[in-house]
Amino acid sequence: MIKKIIYILITIILVSCGGSKIRTQKTTSTKPHTPTKPVTSSETPKSPTIKTNEAEVLVATSKVKATTEDVKKYIEDFKEIAKNNMKQHGIPASIIMAQGILESGAGFGRLCIEANNHFGIKCHTDWTGETVTHDDDAVGECFRKYIHPSESYRDHALFLTKRKRYESLFKLDKGDYYAWATGLKQAGYATDTLYPSKLVGIIERYELYKLDNEVLGRSYVPKPKAEIITLDGEYIVQKGDTLYSLSKKFNITVDELKRLNNIVDTAISIGQKIKIK
């Protein structure tokens, strides 16, 4: 009888332990989270799914790939803010949008996703808000962090209007995006020698000058550049041409153009003959 009681007690203990294991066991999923879009509100920032065969590389504070549709979506999301900033602060909406597209990688760059920083604005001594570190001209540089993208757009406008080195920009025609793109580089906004041609290329590719037209009440359309090619297959440089724009036009890399033409830096001049193949 005693043996039978001991057997029953042991059985109860074993069943109890087994039940406890089942109740406390957790299932861990190994399926990764795949974000699908950039932040456009106060929601948690997300990363894109890129179709690389349709993408172009946008290089500024981040090097990312974005499709034409990605860029168009970005323009649609922020064009009204850009036009309002043009009205209030006198900065061409085309320039605002082109800088936003380039600096943020159409919303897919790390600074944009993690800090809502659409213009690659560094901390500088007057910034008292949140910050994030990012490798740019040097390792671990300090960049501004914003709660919402609209704050980044507002700060970009104030950044340009409140600093003396950008004063000359506001003497330019608000509809002259080419002069503004060149002026930004000359004032030291970016160290990239191709920065003006990148901005102009984005403006003309996505017809961002139409945003300026809406604010200014005009109907400006840029004249197509003449493509003058000699019988020897050389291209004659026109006003506004850069090695970067020619590389896009003739589907050749900048380095290959420099090699073909024995060019050391990126300087070219109007009327110069450039080998393109």
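Trainee: Which hand does the crossing of α2 and α5 have?
Mentor: This is a predicted model, where local features need pLDDT of at least 70, side-chain atom pairs count only at pLDDT 80 or more, and totals for chains, interfaces and linings use all residues. Residues are numbered from 1 along each chain as its sequence is written, and side-chain values use heavy atoms, leaving out hydrogens and water. A crossing is left-handed if the near helix is turned anticlockwise from the far one by less than a right angle, and right-handed if clockwise. By that rule, α2 and α5 cross right-handed.

Trainee: Which residues of α2 make the contact?
Mentor: Contact means heavy atoms within 4.5 Å. On the α5 side it takes in P149, S150, Y153, R154, A157, L158 and T161. The α2 side is Y74, F78, I81, N85 and H89.

Trainee: At roughly what angle do the axes of α2 and α5 cross?
Mentor: Axes are lines fitted to C-alpha atoms, for helices over the stretch in contact, with angles from 0 to 180 degrees between N-to-C directions. Helix α2 spans residues 68-89 and helix α5 residues 149-161, and their axes come within 11 Å. The crossing is at roughly 35 degrees.

Trainee: Which residues of α5 are buried?
Mentor: Buried means under 20% relative accessible area (1.4 Å probe, protein chains only). Their cover includes α2, α3 (93-104), β4 (141-144) and α6 (177-186). The buried ones in α5 are P149, S152, Y153, D155, H156, A157, F159 and L160.

Notes:
Helices (H or I, at least four residues) and strands (E, at least two) are DSSP runs, numbered from the N terminus. Buried means under 20% relative accessible area, exposed over 50%, partly exposed in between (1.4 Å probe, protein chains only).
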